[in-house]
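Keep the viewer open as you read.

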Amino acid sequence: MSLRLSTVILPVDRWHEGGRAKWQRAEELGFHTAYTYDHLSWRSFRDGPWFGALPTLTAAATATERLRLGTLVTSPNFRHPVTLAKELMSLDDVSGGRVTLGIGAGGSGFDATALGQEAWTPKERADRFAEFVPLLDRLLTEDAVSQRGTFYSAEEARNVPGCVQRPRLPFAVAATGPRGLRLAARYGQAWVTTGDPKLYEEGTPEQSVAALRGQIEKLGKACAEAGRDVTGLQKVLLTGFTPDKNTMLDSVGAFVDFAGTHRELGFTEIAVHWPIPDSDFAADQRVFEAVATEALAQLG
């Protein structure tokens, strides 16, 4: 089974002071996709520079030629399907059809209350996500959409000429629960996981592998219920949130071992964070670049 290697570039640099250079270097290194987070602010980076995902991706699209671009992940926390669809259609056009939308239900971080609302419960997030994804799918595949929903509505919303990618740009649906997995099975071209968050602090890598195996089994059942072959769905592991943390970037050999183990589980793409000094994503830049250029060949 072939494996793709992608990276996540956090939007923490001014474009003309290192931002552009990272995206161009990601293309030079041969990464399959370079993603960024779609947050208004995030965790320990909240009080420092943090730029918007879609403008950053638009700039990256004009600075690169082959690199795929995407979000990991966009959520309903501060997005509406109507306005998001218009921006995604435009980004797909600017990039020449190189965009993947990573999309998830969102969480309880800073984004959850930035617009002045109370943070939604897990059930409320799931309810909104279940309405958000199908409407966004329609908006990106139909010229005009009218729909009245409990949370999201559209009235003659038009997206002409539509995406460069047909029938629309691909969705990479982040999900671990049954409702989210059903959405991934029905609407996703890819599925995304960060592993089991309960294992991050106290678990072991072996426990994480077992949990990921269980998630993939549940994804297979959701696909079977949807009448879909699970092998046709790309499976993306976003690293940095399992008990391994960032140790897979300690050496090329460490990454090869990590990637081989997770490829055997069925993952088709692994995303590693671009190194950021003095953060949870700190790593030796030289090792990181060696992983990008040498590791997949060693996997065979």
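Two strands count as paired if DSSP finds at least two bridges between them. Helices (H or I, at least four residues) and strands (E, at least two) are DSSP runs, numbered from the N terminus. Angles here run from 0 to 180 degrees between N-to-C directions, and axes are lines fitted to C-alpha atoms, for helices over the stretch in contact.

Before going on, note that this is a predicted model, where local features need pLDDT of at least 70, side-chain atom pairs count only at pLDDT 80 or more, and totals for chains, interfaces and linings use all residues. Residues are numbered from 1 along each chain as its sequence is written, and side-chain values use heavy atoms, with hydrogens and water left out.

Leu 238 has Ala 271 as its bridge partner in β10. Contact means heavy atoms within 4.5 Å.

Now for the helix pairs.

| Helix pair | Axes come within | Crossing angle |
|---|---|---|
| α5 (residues 178–187) and α6 (residues 205–225) | 8 Å | roughly 55 degrees |
| α2 and α3 (residues 81–95) | 9 Å | roughly 15 degrees |

The axes of α2 and α3 cross at roughly 15 degrees, which makes α2 roughly parallel to α3. Angles under 35 degrees count as roughly parallel, over 145 as roughly antiparallel, 65 to 115 as roughly perpendicular and the rest as oblique. The α2–α3 crossing is left-handed; that label applies if the near helix is turned anticlockwise from the far one by less than a right angle, and right-handed applies if clockwise. On the α2 side, the contact includes Leu 54, Leu 57 and Ala 61, and on the α3 side Leu 84, Leu 88 and Leu 91 are among the residues. By class, the contact of α2 with α3 has 7 nonpolar, 3 polar and 1 charged residues. Ala, Val, Leu, Ile, Met, Phe, Trp, Tyr, Cys and Pro count as nonpolar, Asp, Glu, Lys and Arg as charged, and the others, Gly among them, as polar.

As for α5 and α6, their axes cross at roughly 55 degrees, so α5 is oblique to α6. This crossing is right-handed. Leu 181, Arg 182, Ala 184 and Ala 185 in α5 meet Lys 218, Leu 219, Ala 222 and Cys 223 in α6, and the residues of the α5–α6 contact divide into 6 nonpolar, no polar and 2 charged.

Another cis peptide bond joins Val 160 and Pro 161, with omega about 15 degrees; Pro 161 sits in the loop between β6 (154–158) and β7 (171–174). Glu 156 has a positive phi of about 50 degrees although it is not a glycine, and this residue is in strand β6.
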